[in-house]
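Reader: Could you walk me through how to read a few features of a protein model, taking one at a time?

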Amino acid sequence: MRITRTARERERQRTFARLERLYREGRYEEVEAGAQALAATSWRDRFRPVARWERQARTLATGVAVAHGRGDEVLAELETLIAELEPVDADTHVLQLVVRANRTVVLIGQERHEEAEAESLDILRAVTRLAHLTPLLRLELRVLGNLGRALCGQARHEEAEEIARGNLPRADERSAVPLYAVLMRALNGQGRYEETLAVARRFAPPPQRADSGLVDLFTGAAQLGLGRLGEAEAAARRALTDCERQLHPAHPRTREVRDLLARVTGEHPFG
């Protein structure tokens, strides 16, 4: 029995590692299907370590759905996972924080910015309490990006800019993406469009499907603010093409790009 359990554990480890690699490659549909299958298999297997694998797989599946732009669909599952992941140890607590961060992204997409701010601040407090047990810098920077977006949604652009600038020096190439996005959004919100364009020119995010249309969105908004309608329209159309090719139609960024294009052209966003 012990040999069988060890073999199953190793197989789950290999499967999970493969799914994480596919996630980095942007193969969201495969990852979500694989994670759901892993969760279902773990649920049927009745030995003690199963709950960890089942919840990790569900966390991955819902996280992929959020990255793809289907957060509204999985909000109930995110909330169920948060309730189930009682933080009895550091690993479970971290997993719960990851799910809470994913839920915060959904709240921002639903324009529930005050709730997203409160949740982000609470997650950051928990990260501080756990920092002596496990490295959590990437999670912390991601949550700070969520906090900055929530502040921008409340027109508190100066505060969001301070968060982005204050934490970019701590970020590696991948972790810097949400902070640069907050910085460009905050600068546009303050009417500092030339500065936004300067940031966009020096910011070259590593290719990730979740970032589709990101730079062109803020570039187009800045060009619109400067009255350069032709350049704004070109950037908005590039962003829309990118989003429609890579993201789910319900993704909040796709809606935001369509709204930008409508402001530039004077057309109905869905016309």
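Predicted model: local features only at pLDDT ≥ 70, side-chain atom pairs only at ≥ 80, totals over all residues.

Reader: Let's start with helices. What span should the 14 residues of helix α9 have, and what is the distance between its end C-alpha atoms?

Author: First, the terms: helices (H or I, at least four residues) and strands (E, at least two) are DSSP runs, numbered from the N terminus. The expected span of a helix is 1.5 Å times one less than its number of residues. For α9 (residues 176-189) that gives 20 Å, and its end C-alpha atoms are 20 Å apart, in agreement.

Reader: How many of the residues of α9 are buried?

Author: Buried means under 20% relative accessible area, exposed over 50%, and partly exposed in between (1.4 Å probe, protein chains only). In α9, 11 of the 14 residues are buried, so this helix is largely enclosed by the rest of the structure. Among them are Val-177, Leu-179, Tyr-180, Met-184 and Asn-188. Contact means heavy atoms within 4.5 Å, and the buried residues of α9 pack against α7, α8, α10 (193-202) and α11. After α9 comes Gly-191, with a positive phi near 75°.

Reader: Where do the buried residues of α12 fall when seen down its axis?

Author: The arc is that of the directions from the helix axis to the C-beta atoms. The buried residues of α12 are Ala-232, Ala-235, Ala-236, Ala-239, Leu-240 and Cys-243. Seen down the axis of α12, they fall within an arc of 135°, so they line one face of the helix. They pack against α11 and α13 (252-265), while Gly-230 and Arg-245 are exposed on the other side of α12. As for its length, the 18 residues of α12 should span 26 Å, and the end C-alpha atoms lie 25 Å apart, which agrees.

Reader: And which elements do the buried residues of α6 pack against?

Author: Those of α6 pack against α5 and α7. They include His-113, Glu-117, Ile-123 and Leu-130.

Reader: How far apart in space are Ile-108 and Ala-150?

Author: Distance along the chain and distance in space are read separately. Ile-108 and Ala-150 are 42 residues apart in sequence and 6.3 Å apart in space, C-alpha to C-alpha. Ile-108 lies in helix α5 and is buried, with a relative accessible area of 6%. Not counting residues up to four places away in sequence, Ile-108 touches His-113, Ala-116, Asn-146, Arg-149 and Ala-150. For another pair, the C-alpha atoms of Gln-56 and His-132, 76 residues apart along the chain, are separated by 22 Å.

Reader: Is His-68 buried or exposed?

Author: At 10% relative accessibility, His-68 counts as buried. His-68 is in helix α3 (residues 50-68). Leaving aside neighbours within four places in sequence, its contacts include Tyr-28, Arg-209, Gln-246 and His-251.

Reader: Last, pockets. Which residues line the second largest pocket?

Author: Rolling a probe the size of a water molecule over the atoms shows where empty space is left. On a 1 Å grid over the protein atoms alone, a pocket is an open set of points with protein on both sides within 12 Å along at least five of seven lines, where a 1.4 Å probe fits; lining residues have an atom within 4 Å of a point. The lining of the second largest pocket includes Pro-205, Arg-209, Asp-211, Leu-214, Asp-242 and Gln-246. The elements giving two or more residues to this lining are α11 (214-225) and α12 (229-246).

Definitions and conventions:
Residues numbered from 1 in each chain as written. Heavy atoms only, no water.
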